[in-house]
Every structure is written in structure tokens, then in C-alpha cells.
Amino acid sequence: HENLLNSTISRVEGLIDAAHFKQAIEEDETKSEIYQRISAVLKEPFGIRNYSIYEIVPNTNHMTAFMVDGEADAPCRWCDPQILVHAESCRARRTGHTINSIGSPGICYAFQPPEDMKDRLHVCIPIIQSGAVGSVLQLVIEKEESERVQELLPYLNVYLREAAPVIEAKRLMDTLRASNLTDAMTGLHNRRFLEEFAETLVTSSQRRKSQLSILMLDLDYFKMVNDTYGHDAGDLVLKALAKTMQASVRASDLVIRYGGEEFVIIMQDTGGEGADMVAEKIRAAVENMKIQLPGAVLQKTISIGIAEFPQDSDTFWQAVKYADVAMYNAKESGRNRVVR
């Protein structure tokens with residue numbers, strides 16, 4: 001019921017906008033930037049105010065709420081939070097089909113809007129990547145918007161089809177980059193991660209005018225384990241040590257496998273006395289650690305050196321060197337001890 005020429009022009013302009021969108025997201029660096037662009041498209045030109053973007057965590061039954069109503073990393077608002085830990089309870093994730101409550105009210109039990117918005121409707125669109133659901137876009141609308149949103153869905157699907165392969169490519173790049181910055185055996189960050197992250201760490205510390213404590217840790221007589229029991233036993237010792245160190249520090253502290261049996265812990269907003277306490281806690285935990293081997297039980301000790309940034313040096317890598325020197329002093333003065 002409208003002028004055919006105007007309708008055609010409007011549709012062509014919509015496709016041109018989608019083409020510009022595709023070019024923009026291909027030049028974006030991260031998934032977050034792509035999701036931000038999808039968010040912007042939902043707000044203008046589509047005029048959607050309430051929505052959620054969920055991402056499926058690979059190789060798990062988990063989802064993350066990447067964006068809710070324009071807010072990044074916001075808590076679940078429109079669905080039962082259970083979908084985050086049991087993704088199969090999300091109907092769009094489970095079926096791979098668009099779930100539209102405009103024509104089928106109550107179709108998804110996981111949709112649980114706030115009490116004062118119980119009359120809201122939803123459309124959940126799965127974003128397919130490599131033949132599986134990689135993300136889910138959820139639109140939450142009022143009843144009077146139903147007809148308008150139904151007409152918008154074909155156009156929105158054009159944007160999502162353009163976005164799907166680009167999001168997948170960014171995700172694969174993130175996975176590859178993460179694998180390059182992670183020690184495969186222990187699951188800890190590796191030395192390359194520290195080299196890449198050091199500048200950000202220093203800048204953040206300087207901006208907050210806070211301290212960093214650097215712990216350098218080295219297992220005592222580790223070579224004897226490999227020589228006596230073999231490298232498999234050595235791997236078990238390193239994995240057990242990694243777990244012990246992670247259990248001894250805060251989530252904000254960085255535990256890094258620096259090389260071989262040598263590790264670094266970066267403690268943010270922590271001075272020397274606090275670092276002393278944590279280092280002594282780790283030393284005692286390692287001394288009491290028992291590693292079960294076929295026919296034997298291994299017990300090891302560890303030597304730890306501590307330096308502070310910027311107190312000991314206004315150069316981060318020099319402070320790391322000082323922690324290394326302190327660690328060697330710990331070894332030379334009898335091992336199984338902490339030196340700052």
C-alpha cells in the first residue's frame with residue numbers, strides 16, 4: 001500500500017547500508033567492536049531499545065551475555081540466568097531456529113522478563129557459525145511494536161548473515177592468539193604474554209600510582225626429578241605447582257610460566273610486605289605438596305625472589321631482573337626460602 005518506486009529505493013538503500021556495515025566490521029579488530037556495531041544498528045535505524053546478545057562458549061554448555069540493552073557484560077535481564085550455565089535451556093541455541101513469541105506467546109520457558117514487564121514479547125535469532133549456533137540475538141519488544149518488528153526481521157537477518165562469518169573469523173583469531181600466549185601443559189600465561197602485557201601493566205600501575213610486586217620462583221633440584229623419574233614425573237610436578245600457586249594468589253594476580261621450572265607472579269597493588277606473606281605462603285604450600293608417582297611420592301621445595309616496581313627500579317624489566325637476582329640469592333643461601 002505504498003508507492004512502488006519509493007519502496008524500491010528504500011529497500012536498495014537498506015541493502016547499501018548493510019554492505020557498508022559488512023565493510024566496517026571486516027576492518028574491526030575484535031568481536032566486541034562487531035557486537036557494538038550490531039548494537040548500534042539495532043538502535044538506529046531499527047529502533048530496538050531492549051535486546052540481548054549472547055555468545056556460546058566453545059566446547060561447553062555455557063553462554064555469556066555479551067551485551068544487554070546496550071550495556072556490555074551486563075547481567076542477564078530478560079532470561080532465566082540458568083541459560084548461562086546450561087545453554088541447552090535456550091530454545092534458539094538448542095534448535096538453531098528463530099524463536100518468535102509474536103505469533104507463539106510463551107514458546108520459550110527461559111524468557112523471564114521483570115515482573116513489571118511480563119507482557120513483553122521476544123524474538124531470538126540464532127547466528128550460525130560453521131553450521132552451529134555461535135551467538136544468539138534477542139529482541140525484546142512491546143506488543144504494539146509487533147507488526148513493525150515483523151517487517152524489520154528480513155532486513156535485520158541481512159546484517160546478521162553478513163556478521164556471522166566475520167565474528168567467526170575474529171573468534172578463531174582470538175583462540176589462536178590465546179593459545180600463543182598460554183603454556184599448553186600448565187594452562188598458565190607464558191613469557192610471551194608477559195612481554196605483550198607488560199606495557200599495559202606498567203601504564204595501569206602508573207595511572208593508579210600503585211605498586212607491583214614481582215615474584216620469581218624456581219623449583220629446587222628439579223633436574224633430579226627428570227633424571228630419576230623421567231619427564232612425565234617432571235610434568236606432574238609442574239602441573240601441581242601451577243595449581244598451588246594459583247590457589248595462593250588473588251584472581252587479579254598474574255601467574256606466568258617463565259620457562260622450564262621457573263615462574264613469575266605479578267601482584268598488582270601490592271607492596272613488599274604483602275608480597276613477603278604470599279611468597280612465604282607459597283613456599284610452605286610447595287614444601288607440603290605431595291605428588292603421587294607410580295611407586296613413589298615426591299616432595300619438592302621452591303626458592304623465591306621478590307622485587308618491587310617502581311620502588312626497586314623505575315624500569316619494569318629491570319625490576320624483573322632484580323627479582324631473578326633475589327631468587328638466585330635464595331638458592332645460594334640454602335634454598336627453600338624467600339629473599340626480597
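The side chain of serine 313 reaches the backbone nitrogen of threonine 315 at 3.1 Å, a polar contact (a pair of N or O atoms within 3.5 Å, of which, within protein, one must be able to donate a hydrogen and the other to accept it, residues adjacent in sequence counting only if both atoms are side-chain atoms). The model is a predicted one, in which local features need pLDDT of at least 70 and side-chain atom pairs count only at pLDDT 80 or more, while totals for chains, interfaces and linings use all residues. Residues are numbered from 1 along each chain as its sequence is written, and side-chain values use heavy atoms, with hydrogens and water left out.

Serine 313 lies in the loop between strand 13 and helix 9; helices (H or I, at least four residues) and strands (E, at least two) are DSSP runs numbered from the N terminus. With a relative accessibility of 10%, serine 313 counts as buried, the term for under 20% relative accessible area, against over 50% for exposed and partly exposed in between (1.4 Å probe, protein chains only). Beyond its neighbours within four places in sequence, serine 313 is in contact with Glu308, Gln318, Ala319 and Tyr322, where contact means heavy atoms within 4.5 Å.

Strands count as paired if DSSP finds at least two bridges between them. Strand 13 pairs with strand 14 in the parallel sense over 2 bridges, and glycine 305 stands opposite valine 339 in strand 14.

Helix 5 (residues 191–208) has 18 residues and spans 25 Å from its first C-alpha to its last, close to the expected 26 Å, which is 1.5 Å times one less than its number of residues. At phenylalanine 197, helix 5 bends by about 45°, the angle between axes fitted to the seven residues ending there and the seven starting there. At the start of helix 5, a side-chain oxygen of asparagine 190 comes to within 3.2 Å of the backbone nitrogen of arginine 192; just after the helix, lysine 209 has a positive phi of about 55°. Phe193, Leu194, Ala198, Leu201, Val202, Ser204 and Ser205 are the buried residues of helix 5. Their cover includes strand 8 (212–219), strand 13 (302–309) and helix 9 (316–332).

Elsewhere, strand 6 is mostly covered, with 9 of its 10 residues buried. Strand 6 pairs with strand 1 in the antiparallel sense over 6 bridges, and asparagine 50 stands opposite valine 140. Strand 5 and strand 6 also run antiparallel, joined by 9 bridges; isoleucine 125 has leucine 137 as its bridge partner in strand 6. In the hairpin of these two strands, with 2 residues between them, serine 130 takes a positive phi near 55°.
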